[in-house]
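User: I would like to learn how to read the fold of a protein model, starting from the overall picture and moving to single residues. Could you take me through it one feature at a time?

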Amino acid sequence: MRVLVTGAAGSIGQVVTLGLLERGHDVVGLDRVPAPDHGDLPWHTLDCADPDAVAAVFAEQSAERPLDAVVHLAGHPGEASLPDSLTSHVVTTAALLDAMVEHGVRRLVYAGSNHAVGHTPRRELPGELLDVDTRPRPDTFYGVGKVAAEGLLSLYADRYGLDLVSCRIGSFLPEPTTVRNLSTWLSHDDCVRMVEAALTAPAPGFAVLYGISANTRAWWDLAPGRALGYEPRDDAEEWADRIAARPEDDAEAAHVGGPFAGEEFYRPA
Ligand code: 15L
């Protein structure tokens with residue numbers, strides 16, 4: 001597949017770009033910053049919040065060799081003001097979706113987040129695992145942006161028949177470092193497996209999956225991902241003996257969003 005990866009210079013973007021290249025896909029990188037050294041990767045330096053700039057990328061790619069899919073990883077990975085969160089997660093997604101419709105690109109894999117449901121108290125988890133149909137319960141304006149972006153994916157899937165998969169990523173890290181991470185970790189290799197599954201699953205339409213590894217202590221249900229072909233192989237439990245308990249562990253375990261659900265993030269919109 002020929003895949004446009006946005007946020008390709010970011011921490012997830014670099015891992016996904018290399019992983020897709022290793023698996024034989026063609027990658028076109030896009031970021032607000034110039035390319036890290038990935039050989040002669042085609043690259044566009046621009047902000048996805050600029051719809052004209054995004055449209056120009058699709059026009060240029062269509063003239064050369066059309067894109068098959070987009071992996072949309074661009075976006076500020078933490079809390080920001082409400083307007084900035086909506087720009088970072090919703091306006092960027094809309095610009096890409098409109099360009100996809102115009103140029104016949106039919107699939108997008110989105111870097112959603114566990115913070116779309118982060119204010120869900122752990123004691124309310126039905127059967128101990130949170131499924132993808134539980135009501136959106138964002139823990140921050142960041143989470144609100146991710147929920148709204150999923151709403152946009154749902155709208156464009158219904159209107160235009162696109163295949164749009166939101167991967168609600170847990171904690172993307174080289175290895176788990178906190179007790180919460182034992183439940184929330186997404187390994188680098190599993191992240192690549194997840195993205196490739198979401199890119200290649202037959203006709204998913206609008207779909208949501210939880211982007212975590214096969215963690216023994218998982219809080220989120222992996223079944224929706226497995227239904228799309230995502231088979232995680234790593235388990236944070238292998239690090240459990242090396243992770244020291246911290247005073248904040250109990251507070252971080254009260255809600256699935258961990259620290260993002262805490263009062264330190266409360267602020268006016
Ligand atoms: C995320 O979605 C954030 O981008 C990242 O900063 C972490 O907070 C991560 O989730 C997490 O929940 O650990």
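Analyst: Helices and strands are taken here as DSSP runs, of at least four residues for helices and at least two for strands, and they are numbered from the N terminus. Please keep in mind that this is a predicted model. Read in that way, the protein chain has eight helices and nine strands.

User: How does the radius of gyration of the protein chain stand against the globule rule for 269 residues?

Analyst: The radius of gyration is 18 Å, close to the 18 Å that the globule rule gives for 269 residues, and the chain is therefore as compact as a globular protein of that length. Along the principal axes, the C-alpha atoms fill a box of roughly 55 × 40 × 35 Å. As for the interior, 49% of the 269 residues count as buried, and among contacts with a separation of 6 or more, 70% are between residues 24 or more positions apart.

User: How should I read a sheet, and what is the order of the strands in the open sheet?

Analyst: The general idea is that strands of a sheet pair through backbone hydrogen bonds, either parallel or antiparallel. In this model, an open sheet of seven strands runs in the order β3-β2-β1-β4-β5-β6-β9, and its pairing is parallel. The edge strands are β3 (43-45) and β9, each of which pairs on one side only, while the twist from one strand to the next averages 20 degrees.

User: Which strands are joined to β6 by bridges?

Analyst: On one side, seven bridges join β6 to strand β5 (residues 107-113), and the two run parallel; here L108 has L164 as its bridge partner, and G112 stands opposite R168. Strand β9 (residues 206-211) is also joined to β6, in this case by six bridges and again in a parallel arrangement, with C167 standing opposite L209.

User: How many residues of β6 are buried, and which way do they point?

Analyst: Burial is judged by counting neighbours, and a residue is called buried if 20 or more other C-beta atoms lie within 10 Å of its own. By that count, seven of the seven residues of β6 (residues 163-169) are buried. D163, V165, C167 and I169 point one way, L164, S166 and R168 point the other way, and all are buried.

User: Is β1 enclosed or open, and to which strand do five bridges join it?

Analyst: Four of the five residues of β1 are buried, so this strand is largely enclosed by the rest of the structure. Five bridges join β1 to strand β2 (residues 26-31), with the two strands running parallel, and V5 stands opposite G29 of β2.

User: Which strands do α4 and α6 lie across?

Analyst: Helix α4 (residues 141-160) lies across β5, β6 and β9, and it runs at about 160 degrees to β5. Helix α6 lies across β1 (2-6), β4 (69-72), β5, β6 and β9, at about 140 degrees to β5.

User: When two helices pack, how do I read the angle, for instance between α3 and α4?

Analyst: Angles under 35 degrees count as roughly parallel, and those of 65 to 115 as roughly perpendicular. Helix α3 (residues 82-103) packs on α4 at an angle of about 20 degrees, with the axes 8 Å apart, and the two are therefore roughly parallel to each other. Their crossing is right-handed, and the residues that meet include L86, V90 and L97 in α3 and V144, A148 and L152 in α4.

A second case is helix α1 (residues 11-22) with helix α6 (residues 188-200), which pack at about 65 degrees with their axes 9 Å apart; these two are therefore roughly perpendicular to each other. The crossing of α1 and α6 is likewise right-handed, and the contact is made by residues including I12, V16 and L20 of α1 and C191, V192 and V195 of α6.

User: Finally, where are A203 and A227 found, and are they buried or exposed?

Analyst: A203 is found in the loop between α6 and β9, and it counts as exposed because it has 9 C-beta neighbours inside 10 Å. Its phi is near 40 degrees, a positive value in a residue other than glycine. A227 has its place in helix α7 (residues 223-227) and is partly exposed, with 13 other C-beta atoms within 10 Å. Although A227 and L209 are 18 residues apart in sequence, their C-alpha atoms are 9.2 Å apart in space.

Terms used:
Residues numbered from 1 in each chain as written. Predicted model: local features only at pLDDT ≥ 70, side-chain atom pairs only at ≥ 80, totals over all residues. Rg over C-alpha atoms; globule rule 2.2 N^0.38 Å. Buried ≥ 20, exposed ≤ 12 C-beta atoms within 10 Å, placed from the backbone. Contact = placed C-beta atoms within 7 Å. Pairing = 2+ DSSP bridges. Axes fitted to C-alpha atoms, helices over the stretch in contact; angles between N-to-C directions. Parallel < 35°, antiparallel > 145°, perpendicular 65-115°, else oblique. Left-handed = near helix turned anticlockwise from the far one by under 90°.
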